[in-house]
Amino acid sequence: MNFRNGNADELKTKFWKALAKSPFVFLQRDADPQTAVPMTAQLDEDADSAIWFFTSKKSDFAKLGNATATYQGDDHGVFARFTGKLEIEEDQGRFEQFWNNFVKAWYEGGKNDPDILFLRMDLGEAEIWSGEMSALSTAKMALGMDVRDDMNNKKLETTL
């Protein structure tokens, strides 16, 4: 599949489905790459230009601003790096939408814990790669043959 020539929507859809299945990203503030940590993305199927995070007011993410997330699908079928801007999410409806026992486990005071910081990441540029290899590409790799061109056609540069 050549995602640069007409299948971009297919790869974007594949990315969103993979992220919904395994919503764990490595997130960092661009101003300080040492802030990179695993985070659980909260997704809304009707909002394809933002994701949400629960974190601590003491975390590095409380400084807000530009951030980059990296992602690997649980089956290695899709990989991504995407940028965005972290903002405080004020929408209480969104907070309620995403609150669950997995989030609650991190906050001693539950929904009213004074340390909760609910963030929205407004998404920007992205690079998405398909990790799927054809039987031919796999055979070529096993024989030590060049597969760079095969894999170059599995990358999409886009805006989320």
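Arg81 is partly exposed, because its relative accessibility is 38%. Here buried means under 20% relative accessible area, exposed means over 50%, and partly exposed lies in between (1.4 Å probe, protein chains only). This is a predicted model: local features need pLDDT of at least 70, side-chain atom pairs count only at pLDDT 80 or more, and totals for chains, interfaces and linings use all residues. Residues are numbered from 1 along each chain as its sequence is written, and side-chain values use heavy atoms, with hydrogens and water left out.

The side chain of Arg81 meets that of Glu127 in a salt bridge, 3.1 Å from N to O. Arg81 sits in strand β5 (residues 78-88) and Glu127 in strand β6 (residues 116-130), so the pair ties together parts 46 residues apart in sequence. Strands (E, at least two residues) and helices (H or I, at least four) are DSSP runs, numbered from the N terminus. Glu127 counts as buried, at 18% relative accessibility. A salt bridge needs a side-chain nitrogen of Lys or Arg within 4 Å of a carboxyl oxygen of Asp or Glu. The whole structure holds 7 salt bridges.

Glu89 forms a salt bridge with Arg120, with the closest N and O atoms 3.2 Å apart. Glu89 lies in the loop between β5 and α2 (92-98), and Arg120 lies in strand β6, so this pair ties together parts 31 residues apart in sequence. Both Glu89 and Arg120 are buried.

Arg120 also forms a salt bridge with Asp122. There the closest N and O atoms are 2.7 Å apart. Asp122 is partly exposed, with a relative accessible area of 30%.

## The β1-β2 hairpin

Strands β1 (residues 24-29) and β2 (residues 32-40) run antiparallel and are joined by 5 bridges. Two strands pair if DSSP finds at least two bridges between them. The two strands form a hairpin, with 2 residues between them. Phe26 has Pro38 of β2 as its bridge partner.

Thr35 lies in strand β2. Thr35 is buried, at 3% relative accessibility. A polar atom of its side chain lies 2.9 Å from the backbone nitrogen of Arg29. Leaving aside neighbours within four places in sequence, Thr35 is in contact (heavy atoms within 4.5 Å) with Leu27, Gln28, Arg29, Asp60 and Phe61.

## Aromatic pairs

A pair of aromatic rings is described by the distance of the centres and the angle of the planes. Rings of Phe, Tyr and Trp (its six-membered ring) pair if their centres lie within 6.5 Å; planes under 30 degrees apart count as stacked, over 60 as edge-to-face and the rest as tilted. The count by this rule is 11 aromatic pairs. One of them joins Phe15 and Tyr71 edge-to-face, at 6.0 Å centre to centre and 85° between the planes. This pair links distant parts of the chain: Phe15 is in helix α1 (residues 8-21) and Tyr71 in strand β4 (residues 65-72), 56 residues apart.

Phe15 is buried, with a relative accessible area of 0%. Tyr71 is buried too, with a relative accessible area of 4%. Elsewhere, one aromatic cluster is formed by Trp52, Phe54, Phe95, Phe98, Trp99, Tyr107 and Phe118.

Terms used. A polar contact is a pair of N or O atoms within 3.5 Å; within protein, one must be able to donate a hydrogen and the other to accept it, and residues adjacent in sequence count only if both atoms are side-chain atoms.
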